[in-house]
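Have a look at the picture before reading on.

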Amino acid sequence: MNTGPCISLLGSTTQYSIVRWFGVSKIYLCVYSFIHWKEIKFMETVMDSTRHYKNHFEDYSISVSHNIIENNAMIHNKFKSILTSETKKLMKILKENEKKWYTDDYSIYTGLAGIAFTLYHYGKYYNDSAYLKTATDMLKKCATEFKSKHKITFLTGVTGPLALTAVILYSQGMKEEMEQLIFKLKSLSTYVLDKHNDVPDELLYGRAGYLAGLLYVNANISPAPIEADLIKKVISYIIKSGISYSSSNRCESPLMYSWHDKEYVGGAHGLAGILYLLLQARHYLTQVQIDNYVKPSLYYLQRLQFSSGNFPSSIGNPSDKLVQWCHGAPGISILFCLAYKIFEDSTFLDTVIRCGEVTWERGLLKKGYSICHGVAGNGYTFIYLFQQTKDIKYLYRACMFAEWCFHYGSHQNRSPDRPFSLFEGLAGVIYFLLDVQQPHLAKFPAYNI
């Protein structure tokens, strides 16, 4: 690990090292004749014991929200003007680094397709045809050059570029090209549904991620080009897999899944992400599937919530550390918002409200600003709470998390591997800031279909 500049002051028995690590100054006193290395590591752990910054924003009140939120649950023009200005500043930075976008990663999650998704979102919001054309060209490239059929999900696989490009081509009246991409998308089902292939069920790398692509196409193209029978087959496979694992391992939940030998809970790899896709596909489910498997699994998941309002990252893990979309309350809050909307069970809304409180308290992450595991992704918790409850407090909180993102890069203790990407970098922050400007229409990208 590169620790940056180091200044050493040597004495006869002591050495002092001043180390700047990711912009955060730490002082290590190394007395080699007396102090063991493990004690040094203990000191480091104590010094960096939290994963989040203390939230110094005042919570919502009429006086505090002056010039931020209107009484009619709209963002005040003054704050919206700032949002627009800051969004355009960040887009300028993104475009200035265009040469760094192009790698061998064509995915939505960390690759070129995700940046194109943001450019398309930006072009639609500001009615700028140049951004729409650039996004279309980029997505065509991704759909053509992403070869691996083994990466089959909306976020990390070829499904994402195929689905996004098909929808854009449909909007431009390019039916023949659209149909070719949809044919390729459907043909992936042979691999996805082959029981001899080691395909997981989770969202990021598995069948739920393939289902997301199918649902996205049908939600945005009319008439829906993906046959209901295909979607039902994918759903049936996911549910049967969850039943089989749960039964074999005597799980309390009627549906349970494992990835890398862990029973993950959250949005990216776990039960919450799978249930969220199944709920979005509810019109393709039977009533038995909903009543006997999906709904009881929601109640099981609900019981895992910590007293803090957060959730464990995996079953049996007592750690209450991760407050982020991929693992923790923010990703799960989106699931329970939808569950409340469908089933009208007030306990589901209670679960979401508790998620919102822990995210407000601990959601300004030192890890950074990203959609997946940063402040922008956490901000969607408040957007969904606002959409569901119409409570102005949550719109105000979303605005405060957006304000934190204005200072992109200033408050983070690590740099993302893909610093301009949708789920780990700058493109995701821009996407979030655009959604804050239209909170009634906002959707977490590639998760809310």
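What percentage of the residues of the protein count as buried? Of its 449 residues, 53% do. Keep in mind that you are looking at a predicted model.

**The whole chain**

How do parts of the chain come together? Take the contacts between residues at least 6 apart in sequence: 64% of them join residues at least 24 apart.

**Aromatic rings**

Now for the rings. The structure holds 28 aromatic pairs. One of them is formed by tyrosine 122 and tyrosine 131, a tilted pair with 4.7 Å from centre to centre and 55 degrees between the planes. A pair of aromatic rings is described by just these two things, the distance of the centres and the angle of the planes. Are tyrosine 122 and tyrosine 131 buried or exposed? Both tyrosines are buried.

Ring pairs also build a cluster, which links Tyr109, Tyr276, Trp325, Tyr380, Phe423, Phe432, Phe444 and Tyr447.

**Charges over rings**

The table shows two lysines whose charged ends sit over the ring of a tyrosine.

| Charged residue | Ring | Distance from ring centre |
|---|---|---|
| Lysine 88 | Tyrosine 126 | 4.8 Å |
| Lysine 366 | Tyrosine 53 | 5.8 Å |

Definitions and conventions:
Residues are numbered from 1 along each chain as its sequence is written. This is a predicted model: local features need pLDDT of at least 70, side-chain atom pairs count only at pLDDT 80 or more; totals for chains, interfaces and linings use all residues. Side-chain values use heavy atoms; hydrogens and water are left out. Buried means under 20% relative accessible area, exposed over 50%, partly exposed in between (1.4 Å probe, protein chains only). Contact means heavy atoms within 4.5 Å. Rings of Phe, Tyr and Trp (its six-membered ring) pair if their centres lie within 6.5 Å; planes under 30 degrees apart count as stacked, over 60 as edge-to-face and the rest as tilted. A charge sits over a ring if NZ of Lys or CZ of Arg is within 6 Å of the ring centre and within 35 degrees of the ring normal.
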